[in-house]
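Reader: I'm new to this one. Could you show me how to read a few of its features?

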Protein chains: 4
Amino acid sequence: SRFEYVKQFEREHHLLPDTYIVIRVDGKGFHKFSEEYKFDKPNDLRALQVMNRAAQAVMSQFSDVLMAYGDSDEYSFLLRKQCSLYERREMKLITMFASSISTNYYYYWNEEFPEKPLKQSRLPNFDARAVTYPNFSLIRDYFSWRQVDCHINNLYNTTFWTLVSKGGMTPKEAENKLIGTVASDKNEILFSQFGINYNNEPEIFKKGTILMREMTQEESEVNESELSSRQKQRIEKKRKKAEIKTYHEDLITNENFWTSRPWLSL
Amino acid sequence: SRFEYVKQFEREHHLLPDTYIVIRVDGKGFHKFSEEYKFDKPNDLRALQVMNRAAQAVMSQFSDVLMAYGDSDEYSFLLRKQCSLYERREMKLITMFASSISTNYYYYWNEEFPEKPLKQSRLPNFDARAVTYPNFSLIRDYFSWRQVDCHINNLYNTTFWTLVSKGGMTPKEAENKLIGTVASDKNEILFSQFGINYNNEPEIFKKGTILMREMTQEESEVNESELSSRQKQRIEKKRKKAEIKTYHEDLITNENFWTSRPWLSL
Amino acid sequence: SRFEYVKQFEREHHLLPDTYIVIRVDGKGFHKFSEEYKFDKPNDLRALQVMNRAAQAVMSQFSDVLMAYGDSDEYSFLLRKQCSLYERREMKLITMFASSISTNYYYYWNEEFPEKPLKQSRLPNFDARAVTYPNFSLIRDYFSWRQVDCHINNLYNTTFWTLVSKGGMTPKEAENKLIGTVASDKNEILFSQFGINYNNEPEIFKKGTILMREMTQEESEVNESELSSRQKQRIEKKRKKAEIKTYHEDLITNENFWTSRPWLSL
Amino acid sequence: SRFEYVKQFEREHHLLPDTYIVIRVDGKGFHKFSEEYKFDKPNDLRALQVMNRAAQAVMSQFSDVLMAYGDSDEYSFLLRKQCSLYERREMKLITMFASSISTNYYYYWNEEFPEKPLKQSRLPNFDARAVTYPNFSLIRDYFSWRQVDCHINNLYNTTFWTLVSKGGMTPKEAENKLIGTVASDKNEILFSQFGINYNNEPEIFKKGTILMREMTQEESEVNESELSSRQKQRIEKKRKKAEIKTYHEDLITNENFWTSRPWLSL
Ligand SMILES: Nc1nc2c(ncn2[C@H]2C[C@H](O)[C@@H](COP(=O)(O)OP(=O)(O)OP(=O)(O)O)O2)c(=O)[nH]1
Ligand SMILES: Nc1nc2c(ncn2[C@H]2C[C@H](O)[C@@H](COP(=O)(O)OP(=O)(O)OP(=O)(O)O)O2)c(=O)[nH]1
Ligand SMILES: Nc1nc2c(ncn2[C@H]2C[C@H](O)[C@@H](COP(=O)(O)OP(=O)(O)OP(=O)(O)O)O2)c(=O)[nH]1
Ligand SMILES: Nc1nc2c(ncn2[C@H]2C[C@H](O)[C@@H](COP(=O)(O)OP(=O)(O)OP(=O)(O)O)O2)c(=O)[nH]1
Ligand SMILES: O=P(O)(O)OP(=O)(O)OP(=O)(O)O
Ligand SMILES: O=P(O)(O)OP(=O)(O)OP(=O)(O)O
Ligand SMILES: O=P(O)(O)OP(=O)(O)OP(=O)(O)O
Ligand SMILES: O=P(O)(O)OP(=O)(O)OP(=O)(O)O
Ligand SMILES: [Mg+2]
Ligand SMILES: [Mg+2]
Ligand SMILES: [Mg+2]
Ligand SMILES: [Mg+2]
Ligand SMILES: [Mg+2]
Ligand SMILES: [Mg+2]
Ligand SMILES: [Mg+2]
Ligand SMILES: [Mg+2]
Ligand SMILES: [Mg+2]
Ligand SMILES: [Mg+2]
Ligand SMILES: [Mg+2]
Ligand SMILES: [Mg+2]
């Protein structure tokens with residue numbers, strides 16, 4: 001029609017080829033969401049399972065995702081360097097990830113919490129962003145960044161809620177007590193006042209959750225650009241069928257975790 | 001932490017100020033979605049209601065949306081020119097709209113179709129995009145574009161499915177019959193072969209659905225930049241409380257529809 | 001060749017259609033440039049003429065430029081809303097303007113200053129940027145912004161150099177004297193201490209320079225989109241042949257300056 | 001002033017960190033430029049020297065440029081991965097390169113061609129673009145791309161002009177004769193009809209020109225991010241003082257050319 005010219009105002013951003021894409025989703029206003037649905041404090045194991053199952057479903061849906069890492073209300077998905085999903089159109093990628101994590105969260109919420117149906121006034125929404133990284137060393141630093149963040153938040157939240165629930169403090173008092181404290185101070189508070197050894201806290205809380213699409217050495221694409229299109233399809237099929245495994249490990253110091261999975265950087 | 005530098009790789013796009021923003025969402029693979037959940041053909045009234053109720057919910061959530069138009073598996077939301085939601089960050093805007101339409105669709109689906117629970121393997125997902133338009137004349141052409149598209153698709157689908165369901169044709173036969181036909185041909189087929197006057201088809205199918213946030217003349221922002229911040233807040237409140245009404249009218253020829261709502265272009 | 005794929009890494013930004021484009025160029029390090037070539041202080045009339053003649057040449061070269069405004073080492077060029085030069089590719093536009101103003105500056109420098117040949121170690125370079133504006137009211141504010149800036153700088157520089165050259169102050173002393181002063185203070189210093197009435201300073205210093213491509217009423221494109229391509233070509237020809245006139249007027253208060261040139265906003 | 005808000009419409013693009021930046025400049029309309037100033041055909045050695053000297057000047061001005069390659073009216077500059085010039089703002093980078101190559105071309109033109117002063121109606125202008133590449137293998141392919149292009153053009157132009165000047169053909173006849181020919185055909189024409197061995201043509205025509213900022217092994221930044229700021233300054237100084245050498249070598253097959261300069265990829 002004579003109105004079609006308005007489509008020309010659309011602007012597309014194709015993410016730079018040959019770079020790793022990280023898509024991070026984060027729950028919108030989960031401070032209130034967790035209150036509304038009465039999450040356990042500081043960590044609600046079932047709510048974490050909802051996130052993890054939803055993220056795993058996203059990863060199953062998009063076979064370009066090689067690994068994912070999440071904690072609290074967020075998840076980061078690593079897409080392989082050669083990914084050409086939606087021709088790397090940024091808007092398509094991030095809106096599809098935002099939509100998919102949201103509906104999968106909805107779905108698994110109903111499974112985990114049949115007794116707490118979601119209300120229209122407080123549905124689980126997620127923003128999403130895509131970031132490109134030119135080399136794999138940056139990718140390792142990226143996941144280290146998120147895991148350090150998980151650790152800092154969890155140590156704080158654990159100490160804070162212990163002071164409140166076991167120490168009888170008001171939230172305000174607990175907050176004041178923690179101002180200016182460093183990690184060792186918080187460990188000390190937990191241990192000396194409450195006999196809690198933070199190291200013994202569940203790994204899922206301390207380290208977050210890692211989802212790995214487990215390939216085998218020989219499935220590694222040696223050099224995508226040198227593969228025939230039939231070889232590419234074969235690898236693509238392997239990726240689709242590959243098992244997705246769950247870990248709660250240290251990504252920062254565990255060199256072997258990365259080196260044993262050479263396909264991640266290809 | 002020493003890893004925080006990786007956040008510097010994030011790139012932000014702030015949509016040009018003082019332009020109208022249109023956010024269009026479109027169902028992902030609704031061809032298959034509509035088959036999976038056995039939509040009526042060519043139009044499933046209840047499925048349309050799910051879309052319309054979900055879109056209305058999005059509009060309630062984001063008070064910067066002044067009107068919306070939708071048909072089939074898509075909806076377009078018009079955000080006012082002065083909108084500063086998320087500082088006009090494109091990624092935040094489109095991912096939040098994609099997420100919100102998706103979870104609201106989920107919610108209202110359960111209300112409309114309690115007998116057809118959504119399966120994890122086929123959840124309702126939507127992509128989203130933002131487009132900026134520098135003047136209101138373009139906005140009118142934009143909505144005309146979408147409504148013409150609705151009309152063309154609906155006339156085709158109505159004729160196609162009539163040929164199949166009432167004319168006993170196979171889909172392939174019907175498709176062949178319609179190749180090269182123009183609008184009047186299809187009207188003629190419907191009328192002479194099946195006694196159907198296309199004009200009498202339901203308006204919701206022919207025109208799509210318009211959602212209007214109904215303000216009053218005096219609530220129009222005369223010139224946002226000249227208002228005090230208290231006046232702005234007062235208008236913002238009015239927008240939040242304004243009723244959202246539903247129409248199935250012609251947007252292309254109905255001049256009055258636009259001129260009677262001067263606040264749209266402010 | 002098999003290497004051509006590297007071109008796919010190029011990213012293009014097409015400026016939003018139907019918006020006014022302003023391209024501003026600014027001399028790189030003209031603080032030093034003006035010292036190297038011993039510009040008169042605070043204003044070197046011949047150096048200004050070099051800028052003005054160079055800008056006029058740029059405007060002659062690019063017929064989409066409707067007006068330009070400049071002072072000191074900068075110039076802003078207004079491109080008409082319907083401009084499709086280089087398909088509105090931002091990189092092409094800004095690099096061509098940067099290049100053209102630079103070589104024209106070089107050319108007219110040699111004309112104005114035959115006794116001061118440019119040295120390789122200090123050539124006249126300009127950066128450039130493109131900014132899009134969705135309506136003409138913003139364009140008027142844009143030029144007002146630049147003219148106010150010219151005024152503020154010129155009043156300061158005039159007072160400063162008067163204090164130094166006629167008042168016998170060191171630059172440091174003059175600077176200190178002017179700290180915290182407002183416009184009226186500076187006018188007062190000039191008048192009471194040196195008998196200088198700032199209002200009588202040359203208009204070119206106080207107001208900067210405006211270059212206008214002078215069309216006539218009937219040459220105004222009534223509505224570009226409704227013109228036949230022959231009509232468009234005719235207008236394009238008129239633009240190419242139109243005289244470019246020079247003014248040193250007040251753009252902020254002189255309403256008539258704008259309203260008498262309706263083609264600017266078309 | 002109250003007009004300053006218009007600056008908010010400016011949009012900045014910061015090039016992705018940790019990627020190689022290539023800035024390619026290309027003469028605007030050099031088909032006509034070379035006719036206007038009567039370049040030798042197919043290659044004007046002095047005109048090439050103007051380009052090469054101008055490019056060398058650009059490289060001296062911007063110490064982040066590690067190498068450059070040029071032929072005909074174009075030059076490509078490689079900026080080191082860690083370059084933070086103008087905070088990697090794309091518009092600043094490309095407009096400054098466009099401006100600098102233009103004025104340096106002007107300057108060296110006057111040196112090489114004192115008898116052919118540049119006319120205002122035909123000044124040497126260049127567009128420029130920036131492209132980011134995430135790894136060095138792409139950079140090698142980039143320069144291979146440009147060098148293959150140089151080869152293809154030069155073989156064509158050499159044969160074409162030989163057919164015209166020595167073979168007495170009209171340009172149209174020469175063009176027709178070359179349609180559908182491959183490299184070996186052109187070599188054959190040159191050799192059998194004119195006794196010209198293309199291999200003996202000057203290297204500068206066949207290979208183009210490479211400018212290398214020659215560092216030494218130990219000056220290589222081992223890992224920029226691990227260097228103290230004093231070490232960085234020391235290396236920066238070395239870069240500034242490093243000699244820029246000129247080559248006309250094969251970049252595609254000459255592995256050693258690259259491996260002997262490890263600093264290029266750091
Ligand atoms: N009680 C409880 N709260 C949780 C749990 N997981 C996440 N949350 C809450 C704590 C935080 O307030 C919030 C996540 O922090 P964010 O920085 O993402 O903030 P929020 O989502 O409120 O705002 P945003 O929309 O992301 O800017 O979610 C949990 O397992 N238990
Ligand atoms: N039977 C039936 N189908 C519908 C109805 N509304 C939408 N659909 C189907 C028909 C179309 O195949 C599809 C919408 O067309 P699209 O162009 O959006 O295609 P689709 O969503 O399959 O692919 P996409 O992911 O958007 O590229 O949805 C309905 O009421 N009844
Ligand atoms: N003496 C003298 N100086 C002038 C004249 N016109 C411009 N200038 C100098 C004064 C300023 O230092 C400089 C223009 O200011 P800018 O803010 O553009 O600074 P500059 O070009 O040095 O740095 P930039 O590369 O633009 O960031 O040019 C003139 O007519 N006479
Ligand atoms: N006779 C002669 N011509 C040359 C020489 N070097 C370059 N040229 C001319 C031949 C080509 O027509 C032109 C370069 O080709 P381009 O593809 O860059 O085209 P041109 O600059 O005309 O257009 P453009 O503005 O870049 O799209 O410059 C030379 O040494 N001798
Ligand atoms: O749906 P369109 O026609 O606006 O086009 P698109 O979404 O940009 O592309 P596609 O749906 O084909 O992915
Ligand atoms: O809107 P915010 O504050 O969450 O902004 P953000 O860009 O999402 O920041 P972050 O990555 O810290 O959530
Ligand atoms: O010169 P090219 O081939 O890189 O292409 P472009 O400069 O993007 O386009 P053109 O020269 O045709 O304007
Ligand atoms: O590099 P600068 O500081 O001149 O930065 P800018 O974006 O050019 O700023 P301005 O418009 O003030 O010259
Ligand atoms: Mg956030
Ligand atoms: Mg959150
Ligand atoms: Mg969070
Ligand atoms: Mg689509
Ligand atoms: Mg769809
Ligand atoms: Mg659709
Ligand atoms: Mg500046
Ligand atoms: Mg300057
Ligand atoms: Mg300046
Ligand atoms: Mg080109
Ligand atoms: Mg060229
Ligand atoms: Mg060229």
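Predicted model: local features only at pLDDT ≥ 70, side-chain atom pairs only at ≥ 80, totals over all residues.

Reader: Which residues coordinate the magnesium ion (ligand 11)?

Author: Those two aspartates: A:Asp26 and A:Asp73 each coordinate it through OD, at 2.1 to 2.3 Å. They come from distant parts of the chain, 47 residues apart. A:Asp26 sits in strand 1 (residues 20-27) of chain A, while A:Asp73 is in the loop between strand 2 (65-71) and strand 3 (74-79). There's also the magnesium ion (ligand 10), 3.4 Å from ligand 11, and A:Asp26 coordinates both.

Reader: Now the helices. How do I read a packed pair?

Author: Two packed helices are described by the angle between their axes and the distance between the axes. Take helix 2 (residues 45-61) and helix 3 (residues 90-112) of chain B: the angle is about 135°, and the axes are 8 Å apart. Helix 2 and helix 3 of chain B are therefore oblique to each other, and their crossing is right-handed.

Reader: Which residues make the contact?

Author: On helix 2 of chain B, they include B:Val50, B:Ala54 and B:Val58. Helix 3 of chain B contributes, among others, B:Phe97, B:Ile101 and B:Tyr105. By class, the contact has 13 nonpolar, four polar and four charged residues.

Definitions and conventions
Residues numbered from 1 in each chain as written. Chains lettered and ligands numbered in written order. Heavy atoms only, no water. Axes fitted to C-alpha atoms, helices over the stretch in contact; angles between N-to-C directions. Helix = DSSP H or I, 4+ residues; strand = E, 2+ residues; numbered from the N terminus. Parallel < 35°, antiparallel > 145°, perpendicular 65-115°, else oblique. Left-handed = near helix turned anticlockwise from the far one by under 90°. Contact = heavy atoms within 4.5 Å. Nonpolar A, V, L, I, M, F, W, Y, C, P; charged D, E, K, R; others polar. Donors = N, O, S within 2.8 Å, 3.2 Å for Na, K, Ca; no water.
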